[in-house]
Structures are given as structure tokens and as C-alpha cells.
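Please look over the sequence and the structure shown below before reading on. The report then goes through charges, rings, strands and helices in turn.

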Amino acid sequence: MKIKLGVIFGGVSVEHEVSVITAIQAMNNIDQNRYDIIPIYITKEGEWYTGEMLKDIKIYSDMDLLKRYANLVVLYKKEGRFILQSKGFLKREITDVDICFPIMHGTNGEDGSLQGYLETIGIPYCESDHYASVVGQDKIFMKQIWQASSVPVVKYEWFYDTDYQSNGDQIISKITKIGYPLIVKPARLGSSVGIQVAHDEVELREAINDAIKYDTKILVEEVVQNLKEVNISVLGNYRKQKLSVIEEVGSKNDLLTYEDKYVGGGKTKGASKGMASAKRIIPAHISQDLADKVRDIAIKAYRSLNSSGVVRIDFLIDEKNKKVYANEINSIPGSLSFYLWNKSNLEYRELLDEILNIAVKDYKDKQNKIHSFDTNILSGYAKNVGIKGVKK
């Protein structure tokens, strides 16, 4: 009997389209002999849809057609089953789901929001739990935990948008002590959205004003000199981890932009291949010593956040001074980093199998822990106060 796998993607996020690309790639590679794949698409308005047509990327070019033929649904628990039920006056069960695979990037999906809902109804799901997802999405939380765990990070400052609006000059003065050039980032977005490099105060103020459009928390970091940017993927959980080959990423810009990652591939081949289309060198052209540092730091960074499933960790290397810095973690990486695992002798279908197996193990581990007590301390409350007391 096949396992009913609900693949959740889309979402209310600036990375909505990226999520669709990653999910379509995954659904095309999941072992259909083991899994009955049930696509669950969340629109930019937050509505949930399911239907076979959602496996075809062409349907997303016509949202009116999609909404006409797909089923508008809600996911909830009923008598131990996890049900996708149609919305509207005549409600009916569309199907049930055994396990969910969130393939969402950015806010409202990768940031722990969706994971928290799935945990509330009790359904098993893949990838990191809501704790690791929250920290993985918030670059400031991430850096603070990494610093406490002796994971090397670059110099940085952070602030709230309201602080900048009331004390902008003071914040600028504090930031510039790091030294130009600087990188300005919204704290809780991904895919390089809202990120800019500033070479002077004018550019710094412009970059901050732009980042504030996306987030209430802003991060400003030093730019690493003699820079080489590399990434590595980690697969596992807190007990055991596997490492992929290390990739070197490049761009014609000062940093790898959203267009470099997702749009560039579509210009020449008709449709974006997600992160698989970005310019990269595999394996990275770095020394054995630097490669060993990247691997050691990757494991420490992964475990310190209690990550699970597959992630991609991005690194900044100062080649001249032989320094390696963890830059950020992607809890649900673009294209699920399958291109790194392919180069590590793990086919995409095998990678997806491992992610799903890890999810089941994590779920069973959690079920073995104590989450509530059989005793009800409120049972004697009504006897003492009576119904009248309760009504008061």
C-alpha cells in the first residue's frame, strides 16, 4: 500500500514562484511506486488547493484556470486521520494524507509558521521542526546561536525599522565602524531578495530603505575581502549527518542575486531550473585545508540549530587569510540542493527517500517523548466552585 504524501508548496511569500519550481522538481522525482503524491498548493492569498493538474508547472501561468479545476481545501485531523476537505457549502473529503513534505521558501512556510500548524494537528512532516525553522529563517537569531556555539560569523550589526526611523544617524554611525563595503539584508527573507551592497553612506541609506520594505529587522554585515563563496548541503538530523560535495558559486554581480539563482536559467532554456541553473563550480576550487574547515563548521552549524532533513549552508571564505565564515543556513533549500547530491553519488530519488525516512524516524522519536499527563488538575475545579462559580 502506497504512502499518501502531501507536498505543500507556494505560499504567501516573495519566494512563491521559487517554491513552485522546487516542488515540481521534487514531485517529478519522488518514487511513485512507494508514494501516492498529493500536491497541496498555497496561493499568494493563502488559499489551499489540491488536484493532479498542480503537478504541471504550465497550470501556474493561468491562475483562473487553476482555481476553476483544482479543489479548494483545508487540512485537518479527524478521528486519527489527516483529511483534505473541500471548502464551501457542500463540504466533502477529497483525500487523506499520511505525511507532509513542506517545500516552501521564505516567510509563512520555511520560517516555522507551517511547521507549527502541522505539529498542532499532529501530522508527520519532512525537514526541520518549527524551532530550527524559525532560527534558520531569521539571520539574526541564527548568527547569535552560531556565535554562542563557536561557529565563526562575520562582523555585523542589526536593528529594527522603527529604531532606524527614529535614530537613523546614530545607527549609521555605529554600522560604519565595521567599514565599507557593507551588505544590507532583510533579516528573514531568502533567495537574495532585498539584499544590496553599499560602498558609501549614500548607498547604505538607500539599501536600508529598500530592505525595510521587506522586513522589520535589518542586518548589516561586513564584506569579506579576497572572497570566495561556497555552499555545502547537509543531510540527516541531530544524531547523524552526511555532507555533500562543496560547490563554488559565482556571479557577475557583487553577490549572487535572485536573478542569478532563478531567472538566468529561464532566459536561455525556456523555464527556470531553480538553484540548479545558477552559475557554479563543483567541486569548489579551494584547498584541502579550507574544504576541511567548511565541512567541520557545517556539521557544528547544523547540529547547533537542531536541523533535520536536507539543508544548504552558505559560506564566505577569505582565501588570503584562510578564514572561513558560516553565512546562513537554508532550511528548505532551493531545488533541495539535489544538484550537490547528484555530484556526491546520491540520485535525486534517493535523496528524497532519505529525507522522508528521516522524517518518519524524527516523528517516532517525538512520539516516544512525554507531551502531556493523564491527570487532569481541572477535574476538581468544577466540584469546588460549581456551575455558578464557573459562570462568574
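## A charge over a ring

The charged end of which residue sits over the ring of Tyr-156? It is the charged end of Lys-143, which lies 5.9 Å from the centre of that ring. Such a placement is counted if NZ of Lys or CZ of Arg is within 6 Å of the ring centre and within 35 degrees of the ring normal. The charged end of Arg-280 likewise sits over the ring of Tyr-339, at 4.2 Å from its centre.

## How the model is read

This is a predicted model, in which local features need pLDDT of at least 70 and side-chain atom pairs count only at pLDDT 80 or more, while totals for chains, interfaces and linings use all residues. Residues are numbered from 1 along each chain as its sequence is written, and side-chain values use heavy atoms, with hydrogens and water left out.

## The sheet and its strands

Helices (H or I, at least four residues) and strands (E, at least two) are DSSP runs, numbered from the N terminus, and two strands pair if DSSP finds at least two bridges between them. In this model, 7 strands form an open sheet with mixed pairing, in the order β6-β5-β4-β3-β2-β1-β7. The edge strands, each pairing on one side only, are β6 (93-97) and β7. Strand β5 (residues 81-86) runs antiparallel to β6 and is joined to it by 4 bridges, with Ile-83 standing opposite Asp-96 in β6.

Strand β1 (residues 3-10) is largely enclosed by the rest of the structure, because 6 of its 8 residues are buried; buried means under 20% relative accessible area, exposed over 50%, and partly exposed in between, for a 1.4 Å probe and protein chains only. On one pairing, β1 runs parallel to strand β2 (residues 35-42) and is joined to it by 8 bridges, and Gly-6 stands opposite Ile-38 in β2. The chain passes from β1 through helix α1 (residues 16-27) to β2 in a right-handed β-α-β crossover, a term used if, with the strands pointing away from the viewer, the path from the first strand over the helix to the second runs clockwise. Strand β1 also pairs in the parallel sense with strand β7 (residues 99-103), over 5 bridges, and here Gly-6 stands opposite Cys-100.

## Aromatic pairs

A pair of aromatic rings is described by the distance of the centres and the angle of the planes. Rings of Phe, Tyr and Trp (its six-membered ring) pair if their centres lie within 6.5 Å, and planes under 30 degrees apart count as stacked, over 60 as edge-to-face and the rest as tilted. The structure holds 8 aromatic pairs. In one of them, the rings of Phe-9 and Tyr-60 have centres 6.2 Å apart and planes at 70°, so this pair is edge-to-face. Since Phe-9 lies in strand β1 and Tyr-60 in the loop between β3 (48-50) and α2 (63-69), the pair ties together parts that are 51 residues apart in sequence. Phe-9 is buried, at 0% relative accessibility, and Tyr-60 is buried too, at 15%.

The rings of Phe-338 and Tyr-348 have centres 4.5 Å apart and planes at 20°, so this pair is stacked. Phe-338 lies in helix α10 (residues 338-342) and Tyr-348 in helix α11 (residues 348-367), so the pair ties together parts that are 10 residues apart in sequence.

## A buried glycine

Gly-109 is found in the loop between β7 and α3 (113-121), and its relative accessible area of 0% makes it buried.
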